[in-house]
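This report concerns the packing of secondary-structure elements in one protein model.

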Amino acid sequence: MAAIGVHLGCTSACVAVYKDGRADVVANDAGDRVTPAVVAYSENEEVVGLAAKQSRIRNISNTVMKVKQILGRSSDDPQAQKYITESKCLVIEKNGKLRYKIDTGEETKFVNPGDVARLIFSKMKETAHSVLGSDANDVVITVPFDFGEKQKNALGEAARAAGFNVLRLIHEPSAALLAYGIGQDSPAGKSNILVFKLGGTSLSITVMEVNSGIYRVISTNTDDNIGGTQFTETLAQHLASEFQRSFKHDVRGNARAMMKLMNSADIAKHSLSTLGSANCFLDSLYEGQDFDCNVSRARFELLCSPLFNKCIEAIRALLEQSGFAADDINKGVDESGVNSFTVLFPSGTPLPARRQHTLQAPGSISSVCLELYESEGKNSAKEENKFAQVILQDLNKKENGLHDILAVLTMKRDGSLHVTCTDQETGKCEAITIEVAS
């Protein structure tokens, strides 16, 4: 029997199919495994996904985003009020219900948030059917742990309106454990699991106990002030600064230009999750000026270090609230998907480790060599052996001042060490990877 699993997030949605004993996330018609949860309305059609997201620059007032934040909520809900204030697509109350006011020029219509969710679910069903065929409509849907009954009902109704047969709703932290097979393959014994999810609009952290195949939430917390959008905005602000530095124009007050920068920053952010650098090119960003900027991964991490620190502090706060130390956590699960950032624990988990240092070198030199040493022995008998080096060349010489160099060392899951060395003024970067000795 084939079944479908759907996750509808605030910024993105994805669908997996379960068939012949295994589950696979399905790529959409654009070849992506994640689809923007965006719906754009025009005079003659409703566009869902990437095309809707890309067209928001010229159709922002008729483009619905983050519908999950308002689904099943009333106008007196504080989260709904916050959403209404921030939404570029007008939200009004009509006959006691919240509606999007869509004005395409020919007519004005009032769209139920549930209908927006239905279109996204329909897109997910279409994607799943490309693999399974049109007779597979059984679905399991993930929901946030803090969703109330009204939100759950609204989500289920939207899925059923899209033609799904909803088997059940499952909390997102539990879904993450099931996806990784935690507590299922070896059900005996008790362990503590931390589930970390950095979504598009919020950070959710949950401590769960797994005991004999049973999941129990010990504590959970969601911070709506940090999410993937904040990382994108940070990068977009950096691009605006670079444009101002090159062309002497500040585009931060220009909504259209900033939307273009947000789109470019979002694409670059995803590229930097796997690549050492990303190029941002925008045709006619402002007053006919093209903008071309290269961003290194080290630069991006430096810009976003305050956000990373907030993530780490949120984990520490939840552990303290739960009465746990880091060593009490047996395993960590990253549920973040496309907005994925890994967090380090001192011990007890298989997550990679990361450390960064800011170094200074005389401005009169044009190259810097970062040497890496390993220590053996203890105290006075300790020996240091050089095992690698990174050379950063062609620095801009300064008559006065210093070169600020950012060194980032990341220990990967396979045991290899990745090292980047970046000039913080220019973004020039060199990197090496030291593989595990066989």
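Axes are lines fitted to C-alpha atoms, for helices over the stretch in contact, and angles run from 0 to 180 degrees between N-to-C directions. Helices (H or I, at least four residues) and strands (E, at least two) are DSSP runs, numbered from the N terminus. The model is predicted: local features need pLDDT of at least 70, side-chain atom pairs count only at pLDDT 80 or more, and totals for chains, interfaces and linings use all residues. Residue numbers start from 1 along each chain as its sequence is written, and side-chain values use heavy atoms, leaving out hydrogens and water.

Helices H7 and H8 pack at about 115 degrees, their axes lying 8 Å apart. Contact means heavy atoms within 4.5 Å. Phe231 and Leu235 are among the H7 residues involved, and Met258 and Leu261 among those of H8.

| Helix | Residues |
|---|---|
| H7 | 228-247 |
| H8 | 255-271 |

The open sheet has 3 strands in the order S6-S5-S7, with antiparallel pairing (two strands pair if DSSP finds at least two bridges between them). Strands S6 (46-48) and S7 (63-65) are at the edges, each with a single partner strand, so one side of each lacks a neighbour in the sheet. S5 (residues 38-41) pairs with S6 over 3 bridges, and Val39 has Val48 of S6 as its bridge partner. Helix H4 (residues 113-132) packs on this sheet and touches S5, S6 and S7.
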